Amino acid sequence: MLYHLGALLKNYFGPARLLQSYAVLIVFALYISFFLTEKLLPKFFRFLPQDRGREFTLSKEQAKGKPTGAGVVFISFFVLLCLTFIPLNLFQCGALALTWLMMLTGYLDDRSLNGWGEYRKALLDFIVCCSAAFLLAHYMADGDGRLSFWLPFTSVPVQVPCWLYIVIATVMLWVSVNTTNCTDGVDGLSSSLVILALFTLAISFYIVFGHVNTAAYLLVPHLDSGASWGLMTFCLAGVLLGYLWHNAFPSSVLMGDAGSRALGFYLGFCVMVSGNPFMFLVTSTIIFINGGMGLLKVALKRFFHISIFSNIRFPLHDHYRKNHGWSPTQVLIKFLISQLLITMGLLGIFFKVR
């Protein structure tokens, strides 16, 4: 909206042309989304469901009774702000709609009295993630209908058949949704790690994938809409910063499944838009280890009767709190430092070792 408004007003008011500058819009979107969420989120606390306490977590008693499901507020803010700041194409509108739908499935679980069963949530995950995979396959194909990935250690794009691309995308999105959801167990942890991931992706979209010369120099595909994807991602980072203001230890509100599932879905979607599924390791290695290893442990035990990591408690943040005596703040800071080091190292490898 603002972008198109700048186009209409620039002939009458010169400075209005700044509304067509993505750099200016990024600054506006980041700050406005933060202050809007920070100021307005507390006004919705009384309308949110109360946390029931998660089973098998160390902090379930501390969380019990707090307003939860705040994702329904800040994800809705995110969608509305994107409509305000960004000249969206159909692909991005589809991504926003599916992100909001994933949020809705989480929110309905948050507000249910007994919580939804695992298989019900898994079915909904599959429907949304598979729909997103088909959307990605349609819009990420080149002019000849071919799909490919750029990968580290090679400068040659790797072509993949459509069916395989859809399988990879569905699995990527499902893993991202569920590992991010599992990481949401310590005040500020999930949101801080996701904010780091969002800034990494946003800067990559704006400076690397969205810039013809930089993309050509690094031998990665150029995205015509890279700047707008970066703007969208900065916008989500802004609302998440506003939420984190109230979620910092000791928290006064929780994002619930409404927030963690939508955030994981958007992260996975952006990783696929980047053209390299291994970018998930750049953005979310700690999220994957923290939550994903627990999912693998449970799946192997339940379906194959194979026991692994018997002496390690998952999510991993609970292991360090119970077995090593880390405080919530220590978990947050040390996990964040670890992810920052991994991100910087892998970015250098992925973009330069080609």
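Helices, of at least four residues, and strands, of at least two, are taken here as DSSP runs numbered from the N terminus. The model under discussion is a predicted one.

In those terms, strand 1 is the element that gives the most to the lining of the second largest pocket, contributing three residues. Strand 1 (147–149) is joined by helix 6 (118–140) and helix 11 (256–273), each of the three supplying at least two residues of that lining. The space within the second largest pocket comes to about 540 Å³, and among the 28 residues that line the pocket, those closest to its centre are Met140, Ala141, Pro221, His222 and Leu223. By residue class, the lining of the second largest pocket divides as follows.

| Class of lining residue | Number of residues |
|---|---|
| Nonpolar | 16 residues |
| Polar | eight residues |

At the start of helix 5, the backbone nitrogen of Phe91 has a side-chain oxygen of Asn89 within 3.2 Å.

Is Leu296 buried, partly exposed or exposed? Leu296 belongs to helix 12 (residues 279–304), and its relative accessible area is 38%, so Leu296 counts as partly exposed, a class that lies between buried, under 20%, and exposed, over 50%. Along the chain, Leu296 and Phe309 are 13 residues apart, while their C-alpha atoms are separated by 10.0 Å.

Key: Residues numbered from 1 in each chain as written. Predicted model: local features only at pLDDT ≥ 70, side-chain atom pairs only at ≥ 80, totals over all residues. Heavy atoms only, no water. 1 Å grid on protein atoms, 1.4 Å probe; cavity = no way out; pocket = protein on both sides within 12 Å on 5 of 7 lines; lining within 4 Å. Points joined across faces, edges and corners; volume = space filled by probe spheres on them. Nonpolar A, V, L, I, M, F, W, Y, C, P; charged D, E, K, R; others polar. Polar contact = N/O pair within 3.5 Å; in protein donor to acceptor, adjacent residues only side chain to side chain. Buried < 20%, exposed > 50% of the residue type's maximum accessible area, 1.4 Å probe, protein only.
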